[in-house]
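Visitor: I have the model open and would like a quick walk through it. Can we start with the ligand?

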Amino acid sequence: MSYDAAIVGGGLLGSITALKLAKGGMRVVVIERGGLCRGASGVNAGTITLQFVEPEVVPYARKGRELWQGAGDWLGRDLDFVDKGVLTLAFTEAEAELLAAQTMERHSAGAPNEIVTLEHARRIEPSLSKRPVLVSHCSLDGWIPSNLAGHALGRALHRADVEVREGVSVEGIERGGTGYILDTGREAVAAARVVLAGGAWLVPMARWLGFDLPLGCLVNQIIVTERMAPFLGSTIGVARRRLTLKQAANGTVLIGGGWQGDGDPQRGAVALIPKNLRGNIRLARHCVPALDGARAVRVWLGLQDKSPDGLPVIGPLPGRDDAFIIACGHSGFTMGPYVARLLSDVILGREPEMPLFDPARLLSVGGK
Ligand SMILES: Cc1cc2nc3c(=O)[nH]c(=O)nc-3n(C[C@H](O)[C@H](O)[C@H](O)COP(=O)(O)OP(=O)(O)OC[C@H]3O[C@@H](n4cnc5c(N)ncnc54)[C@H](O)[C@@H]3O)c2cc1C
């Protein structure tokens with residue numbers, strides 16, 4: 001059996017690319033080492049953000065948000081999008097300068113965010129502390145429980161006849177057949193095209209094809225509190241650290257982002273970073289005093305890729321029209337559905353609605 005496209009990595013970006021290629025008429029296989037959407041895509045904070053993305057990316061994030069909001073149309077089920085806006089806080093003069101600049105840049109790029117008075121912010125979110133010196137509000141921002149997206153994607157791939165091989169690790173890729181042969185240790189899989197969608201594990205994948213991809217890896221941690229009576233209606237963000245907090249329907253508060261550490265997934269197990277967890281809890285309590293005394297009952301970490309310029313890396317590998325990369329770094333959940341659609345358009349030979357983020361800008365080319 002030979003496929004039109006093999007997707008390596010069944011996170012959000014690989015899975016949505018696969019779905020779109022299958023809908024475009026291709027025979028597609030997704031090969032995922034663990035479970036579908038259990039990497040960064042299954043453990044992320046679910047924040048849909050125009051405020052925290054780079055200005056260049058705002059139009060993509062906005063489109064991604066629209067697609068999440070209309071998930072019923074393309075994913076087969078509506079997700080519980082909490083679209084009550086996000087309040088982003090600054091606590092020092094230096095942070096206020098940063099937040100003012102961030103807000104202006106994102107606004108010019110198309111985000112409907114604005115600086116609001118603390119009184120206005122506390123009318124939107126009465127549980128907010130009185131400490132912020134500046135607050136920005138973005139009405140389009142919000143959040144989605146990210147695990148729901150993974151479940152829905154699994155079912156959508158099944159309906160679209162995409163073959164999903166979970167628990168199968170790709171160990172190498174060689175040119176062969178009418179395109180590529182993927183070595184899975186158990187059997188060889190042949191495909192005319194490959195899409196590398198390995199998130200934090202992309203660096204070794206690109207090496208299989210002879211490219212050195214200078215991506216870093218961040219350890220991003222999530223803290224979940226005990227269930228609390230509803231008190232937090234909005235999502236809160238912190239300008240400098242990209243920390244977010246929100247209360248789920250079951251009463252737990254999710255604290256994500258904040259202080260992050262460098263990870264090296266090639267070295268095996270990556271551990272929690274207690275000092276960052278402590279910093280994030282302190283900062284969350286600084287934002288919302290009602291968290292004082294709340295117990296953290298769960299923490300977990302996820303690994304996310306990081307490009308040197310902070311922008312996504314999406315498109316064909318240099319000199320190839322049959323090997324592609326897709327990676328988004330810190331806001332991949334927000335823009336994922338849209339950028340995966342753009343990449344699948346390119347692979348299907350259609351003109352993408354917006355330009356991709358050419359991997360060639362980062363790559364030293366060897367090329368097998
Ligand atoms: C803790 C955390 C919080 C985040 N919060 C937000 C947020 O609030 N908002 C937002 O917009 N973004 C957020 N992000 C970023 C977002 O989650 C990611 O950008 C996005 O999920 C990346 O998707 P992906 O498909 O590229 O990667 P992943 O979901 O990591 O998928 C890559 C997959 O490749 C598989 N794989 C690796 N090696 C192999 C191999 N050899 N063979 C086969 N499969 C392989 C892995 O098992 C994995 O499933 C967060 C990330 C983390 C980690």
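**Ligand, domains, helix packing**

Guide: The ligand is surrounded by 41 residues, and the closest are G11, G39, G199, G302 and G332. A residue counts as near if its C-beta atom, placed from the backbone, lies within 6 Å of the molecule.

Visitor: Which elements give two or more residues to that shell?

Guide: They are α1 (12-23), β2 (28-32), α2 (40-43), β13 (216-225), β18 (296-306) and α10 (332-347). Helices (H or I, at least four residues) and strands (E, at least two) are DSSP runs, numbered from the N terminus.

Visitor: Before I go on, what sort of model is this?

Guide: This is a predicted model, where local features need pLDDT of at least 70, side-chain atom pairs count only at pLDDT 80 or more, and totals for chains, interfaces and linings use all residues. Residues are numbered from 1 along each chain as its sequence is written.

Visitor: How do the shell residues divide by class?

Guide: There are 16 nonpolar, 22 polar and three charged residues around the ligand. Ala, Val, Leu, Ile, Met, Phe, Trp, Tyr, Cys and Pro count as nonpolar, Asp, Glu, Lys and Arg as charged, and the others, Gly among them, as polar.

Visitor: Where does the ligand lie relative to the domains?

Guide: Domain 1 (2-43 + 147-213 + 309-365) and domain 2 (86-139 + 216-306) both give residues to the shell, so the ligand lies between them. The bounds come from an automatic or database domain assignment.

Visitor: How far apart are the domain centres?

Guide: The C-alpha centres of domain 1 and domain 2 are 30 Å apart. Their contact takes 10 residues from domain 1 and 12 residues from domain 2, a contact being two C-beta atoms, placed from the backbone, within 7 Å.

Visitor: And what is on the domain 1 side?

Guide: α2 and α8 (202-208) each supply at least two residues of the side that touches domain 2. That side has seven nonpolar, three polar and no charged residues.

Visitor: New topic: how many helices and strands are there?

Guide: The chain has 10 helices and 21 strands.

Visitor: What box do the C-alpha atoms fill?

Guide: Roughly 65 × 40 × 40 Å, taken along the principal axes.
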